[in-house]
Amino acid sequence: MLIKRDQDRKLRGEDIPASEITAERLYLDRRAFIAGAAALALAPSGVRAESHLAPLKATKNQAFTLPDALTSYKNITSYNNFYEFGTNKDDPERLQASLKTRPWTVKVEGLCAKPTTFDIEELLKFALEERVYRLRCVEAWSMVIPWIGFPLKDLLKRVEPTGQAKYVEFTTLVNPAMFPGQKRGFFGFSLDWPYTEGLRLDEAMHPLTLMTVGLYGQVLPNQNGAPFRVVVPWKYGFKSAKSLVKIRLTADEPKTAWNKAAPSEYGFYSNVNPQVDHPRWSQATERRIPEVRRRETLMFNGYGDQVASMYTGMDLKKFY
Amino acid sequence: MSSRGRVVLKAAVWVASLWPLGVLVRGWLADDLTANPIDYITRTLGLTALVLLLASLGMTPLRILFRWSWPIQFRRLLGLLAFFYICVHFSVWIGLDHFFAWKRMGQDVLKRPFITVGVLALVLLIPLAVTSTQGMIKRLGGARWRLLHRLVYVAGVLGVLHFLWLAKKGRTTPYYYVIVLGALLAVRLWDWGRRRVGRMGFEAKDESRGPTPRPSSSA
């Protein structure tokens, strides 16, 4: 029983005391921040980013906070994998200005009763909340990010998925004028555009799955997938597709960009799992930006008690 | 090349080779090495090592192609600088990246081909660095020393493989290194073939001449 409780704590990421993993100053700052945010339940977020993007009003959702210290705005917005801009980590920030996020529409279609094209302004009118999630990149680094968004299930309910819908496919904008990384390079290969990702319908309907429009109290910076992206915190970062123009309900498992590019390295599920290695590196540890020492990676990125039941009986080594 | 030219060139090689290290140290002190400094440091050191190793491998082809003699003097210096960067690169991996987690690193060396070939390249370069002095050349004898130092080609190939195999799909930089290494090896192969053909041609010519006709006394 004790072991079981220990495991549960591990799955929630509570096995490490926060004071041990967080610099005390940050820890105290965070407590002040939480207290401040609680006091201003309906006011704009207590966290401010040091940029000039439009502020975004959101309710802080107390169910989705973390003991971990937040990653700085600078690090979140300067160290990105976003191949539409380029393959280097600094390409997205450097080249982000070419992306124009207005006008912008998102088609929600496929196996549903009411397929709808949403304008970005309509999407911003959903009940926005601030949630602090861990982000674990498949490259064994991680961040802690205060996102702003709303659950995907709120959006899917509007279009009324039919009984045949089993999966959801996400599609990123294709536009080489806005995304220089989509131009053909010298060697002529990169990912197949558009970038597509997918979730099983139960994963898509899970309350953790967040359609995201902002971070740190402001609208999303372009390099973080503006104006509209998905965030799936218990899966490796590449599952959380950015700059979406289409969400499609399907009967069959969607083809996903990295799986097409390297099927042995990136599976459809790609749940964070310290026991299943990437073929070229171990997933047992990760570097929390900007810490020096590695830390142990948590099963389902610490969201096990909320999501593990969706995978009961599945061989997670086979369905990596 | 004049001796003054050589001194200037040598100074330039030293400055250019140590420049990346200086930039890293300055960046470390200013906390300005991206959000993931350890990854950035590891990559920069590894890339510099590979550039220097290929530069060292490029000296002989320069001599072959342009009949210059001076590049040979830089072969050893560039090779040793490459070895230095590889050692720092490896130390950062051990001490900063994995913080002396020996078991985990051992597993990585055995299980991850890109790490296996990287470590192998380092190991192969150790005897070359040790025997790089004039004294060692004398002690080993020219022929044996040259044979031993052919390992540098293997290390070069392993180094490029290390880079190629660690790269994610879509990254094209490693392919430029494959092309450069291929070109450097091709020049040597061409030169080796040319000399072989030259020798064979010489021997063949010898034979075609046949026995020198004896001047006929009756003529």
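Which residues in α8(B) are buried? The legends below begin with that helix.

**Figure 1. Helix α8 (residues 151-166) of chain B in the predicted model.** The residues B:A155, B:G156, B:L158, B:G159, B:V160, B:L161, B:H162 and B:F163 of α8(B) are buried, a residue being buried if 20 or more other C-beta atoms lie within 10 Å of its own, exposed if 12 or fewer, and partly exposed in between, with C-beta atoms placed from the backbone. Helices (H or I, at least four residues) and strands (E, at least two) are DSSP runs, numbered from the N terminus. The 16 residues of α8(B) reach 22 Å from the first C-alpha to the last, close to the 22 Å expected at 1.5 Å a residue, where the expected span is 1.5 Å times one less than the number of residues. Because this is a predicted model, local features need pLDDT of at least 70 and side-chain atom pairs count only at pLDDT 80 or more, whereas totals for chains, interfaces and linings use all residues. Residues are numbered from 1 along each chain as its sequence is written, and chains are lettered from A and ligands numbered from 1 in the order in which they are written.

**Figure 2. Helix α2 (residues 37-66) of chain B and its kink.** The 30 residues of α2(B) should span 44 Å at 1.5 Å a residue, and the end C-alpha atoms are 42 Å apart, which agrees. A kink of about 30 degrees lies at B:M59, shortly before the proline B:P61; the bend at a residue is the angle between axes fitted to the seven residues ending there and the seven starting there. After α2(B) comes B:R67, whose phi is positive, near 60 degrees.

**Figure 3. B:P20 and B:W102 in their helices.** B:P20 lies in helix α1 (residues 3-29) of chain B and counts as partly exposed, because 17 C-beta neighbours lie inside 10 Å. Apart from neighbours within four places in sequence, B:P20 is in contact with B:T44 and B:T48, contact meaning that the C-beta atoms of two residues, placed from the backbone, lie within 7 Å. B:W102, in helix α4 (residues 102-111) of chain B, counts as exposed, with 9 C-beta neighbours inside 10 Å.

**Figure 4. Strand β6 (residues 167-172) of chain A and its pairing partners.** In β6(A), 6 of the 6 residues are buried, so the strand is largely enclosed by the rest of the structure. In a regular strand the side chains alternate between the two faces of the sheet. Here A:Y167, A:E169 and A:T171 point one way from β6(A), and A:V168, A:F170 and A:T172 the other way. β6(A) pairs in the antiparallel sense with strand β7 (residues 196-200) of chain A over 5 bridges, and A:T171 stands opposite A:T196 in β7(A). With strand β11 (residues 244-250) of chain A, β6(A) also pairs in the antiparallel sense, over 6 bridges, and A:T172 stands opposite A:L244 in β11(A). Two strands pair if DSSP finds at least two bridges between them.

**Figure 5. The contact region of chains A and B.** In this view, 16 residues of chain B are in contact with 25 residues of chain A. The side of chain B that touches chain A divides into 7 nonpolar, 4 polar and 5 charged residues, where Ala, Val, Leu, Ile, Met, Phe, Trp, Tyr, Cys and Pro count as nonpolar, Asp, Glu, Lys and Arg as charged, and the others, Gly among them, as polar.
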